[in-house]
Amino acid sequence: VIRRIVVPLALPVVLVASWWFVSAGSTDFYRPPLQSILSAFVNTWFGDRITHDVLPSLARLVVGYLVALVLGVAFGVAIGRSRRLRAATEPALEFLRAIPPPVLVPILILFAGIGDLMKVLVIVSGCLWPILLNTVEGVRAVDEVLTDTCRTYHIGGWRRLAHLTLRAASPQIATGARQALSIGIILMVISEMFAAQSGLGFTVIQFQRGFQIPEMWSGVLLLGLLGVALSLAFRLVERRVLGWYHGLRAADREW
Amino acid sequence: VRKYAALGLAVFLVLLEVVPRLGLVPRDYLPPLSRILVALAGEVRQGSFWVALGDTARTWAIGLAIALAAGVVLGLVIGAVPILRALTSSTIEFLRPIPSVALIPLAVLLYGNSITATLLLVVYASFWQVLVQVLHGVADIDPIASDTARSYRLSGWARVRHLMWPTALPYVVTGIRLATTVALILTITGELIIGTPGLGKEIATAQTSGAVPAMYALVLVTGVLGVLVNLGTRSFERLALAWHPSVRGEVPA
């Protein structure tokens, strides 16, 4: 019991405590005491800002991410199924994937201004590639025996898609979706830092420009916590959806 | 297959040229490919472009080198000592998903728009990629090989050199591959948002001054950089793991 509870908690506790005590008497303007950061955290984020900045940011992230997921899986299945299409699109996809997503922000500002649409588009255009490419790989690697079995039993169309293609590719799709999630968070913040009137990234940058140091630290803390929370949420969803797959892997290992 | 690849690339390029010319999207926003290439030719003739490219490459290389060194050394140390591993795993799991861009305001505050600010981002983001891979790699050591090493009384250093390193190397290489891409993205992001000198800053300048074709030309350059980095790491992977069964198997007998 001691090992399972104390050991994982020991280092974080030590780290936080040392941050607390080392910074407690800090008069350095740029490195305020943890105590004032925490009180700034409560004052800053538990008020209007939740509805004004935090939730809209998250809403844009969710919308952009889901659109990217649907598009990525749809195109990925189409491309992954056809050897010719795959060969034809590969060079273009390799190039588009290699463009660092943040440089799309200035381009999309041209098309969509600096409103919500731009931010959602940025998130979609960044999240799309990992999902798309992983779906292509997953669909390509579908077990041939199962494919032949489907053909023999005349399973086609939607049923084939749902029970064979998507199911077989789902572990790969999940890998892509996990990469896309962290890219999505980064792009959500960047698009708001670059140009916006509201949102988390915008607010944090405003604090920094206005030298509201404890508030800024609290914003950094919040962004970090969001990242951790979203990755935990993803892992929960993945464990449910891909439970059969992890079970299968574990059983394989037993052998 | 080659034929289709060439055809697909040609279609892609023609689309980039024709779609703006037909007016399907506003030409001011997406100039035809030929105009972008003209702008690119103009950029290439200017010294400032090469300076920016050099700055980007330098930030990228320094950040990557620091992250790799720190990630590999710490990974081997933590991985080799079980108690360290147990102590740090929760902290690593917690710190890793923190988005690197959350550090941007901090970096600006502490280092202004100097190269150090961007380096902080680059090192932070790519460090985790390497560290986590190295840890996976060390955990993957074959118990029989480990016992054998113990039976032969291999010294500490020899165990690292002949047991841990070869086992972890494929993971290390994967970590390097991930880290190079991430480092490039964060380098350009830092330049774009913080304004440290480099290609990203040039893109931001071109955007604010309305030089749309030049902006696209620079974006094109970043894309080409990304492709080159991908190709480079892939051939490095093949080189470093030439002895590994997974790579050897690919060579037709």
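Start by selecting S126(B), which sits in helix α6 (residues 115-139) of chain B; helices here are DSSP runs of H or I with at least four residues, strands are runs of E with at least two, and both are numbered from the N terminus. S126(B) is buried, with a relative accessible area of 0%. For that word, buried means under 20% relative accessible area, exposed means over 50%, and partly exposed is in between, using a 1.4 Å probe and protein chains only. Leaving aside neighbours within four places in sequence, S126(B) is in contact with A67(B), A179(B), V182(B) and A183(B), where contact means heavy atoms within 4.5 Å.

Before you go on, know that this is a predicted model, in which local features need pLDDT of at least 70 and side-chain atom pairs count only at pLDDT 80 or more, while totals for chains, interfaces and linings use all residues. Residues are numbered from 1 along each chain as its sequence is written, chains are lettered from A and ligands numbered from 1 in the order in which they are written, and side-chain values use heavy atoms, with hydrogens and water left out.

**Next stop: the surface of chain B**

Select V73(B), V77(B), V81(B), I83(B) and L84(B) together. These residues form a nonpolar patch on the surface, with about 370 Å² of accessible area together. The elements that give two or more residues to the patch are α3 (47-80) and α4 (82-95) of chain B. Patches are made of residues with over 30% relative accessible area and no salt bridge; like charges are joined within 9 Å, and nonpolar side chains (Val, Leu, Ile, Met, Phe, Trp, Tyr) within 5 Å. The areas come from the Shrake-Rupley method with a 1.4 Å probe, and for residues only the protein chains shown count as cover. Zoom in on V77(B), in helix α3 of chain B: its relative accessibility is 41%, so V77(B) counts as partly exposed.

Now move to R153(B), in the loop between α7 (143-151) and α8 (156-193) of chain B. Is R153(B) buried or exposed? R153(B) is exposed, with a relative accessible area of 75%. Look at its backbone too: R153(B) is not a glycine, yet has a positive phi of about 55°. Most residues other than glycine have a negative phi.

**Salt bridges to click on**

Side chains of opposite charge can pair when their charged atoms come close. The structure holds 11 salt bridges over all chains, each one a side-chain nitrogen of Lys or Arg within 4 Å of a carboxyl oxygen of Asp or Glu.

- Select E17(B) and R21(B), whose side chains meet at 2.8 Å, N to O. They are four residues apart in helix α1 (residues 2-22) of chain B, so about one helical turn separates them.
- Select E237(B) and R177(B), which meet in a salt bridge at 3.1 Å, N to O. This pair links distant parts of the chain, with E237(B) in helix α10 (residues 212-240) of chain B and R177(B) in helix α8 of chain B, 60 residues apart. E237(B) is buried at 18% relative accessibility, whereas R177(B) is partly exposed at 30%.
- Select R178(A) and E238(A), where the closest N and O atoms are 3.3 Å apart. R178(A) lies in helix α8 (residues 157-194) of chain A and E238(A) in helix α10 of chain A, so the pair ties together parts that are 60 residues apart in sequence.

**Where the two chains meet**

Show both chains. How many residues does each chain bring to the contact? Chain B gives 50 residues and chain A gives 48 residues. Between them, the chains bury about 4300 Å², 81% of it on carbon and sulfur atoms; buried area is the accessible area (1.4 Å probe) that two parts lose on being put together, summed over both. In chain B, Y4(B), P105(B) and L109(B) lose the most area to chain A, together 14% of what that side buries. Across this interface the rule finds one salt bridge. Select E94(A) and R234(B) to see their side chains meet in a salt bridge, 3.6 Å from N to O.

**Last stop: chain A**

Select N134(A) in helix α6 (residues 116-140) of chain A, a residue that is buried at 14% relative accessibility. Leaving aside neighbours within four places in sequence, N134(A) is in contact with Q172(A), T175(A), G176(A) and Q179(A).

Finish with T152(A), in helix α7 (residues 144-152) of chain A. At 60% relative accessibility, T152(A) counts as exposed. T152(A) and S23(A) are 129 residues apart in sequence, and their C-alpha atoms are 70 Å apart in space.
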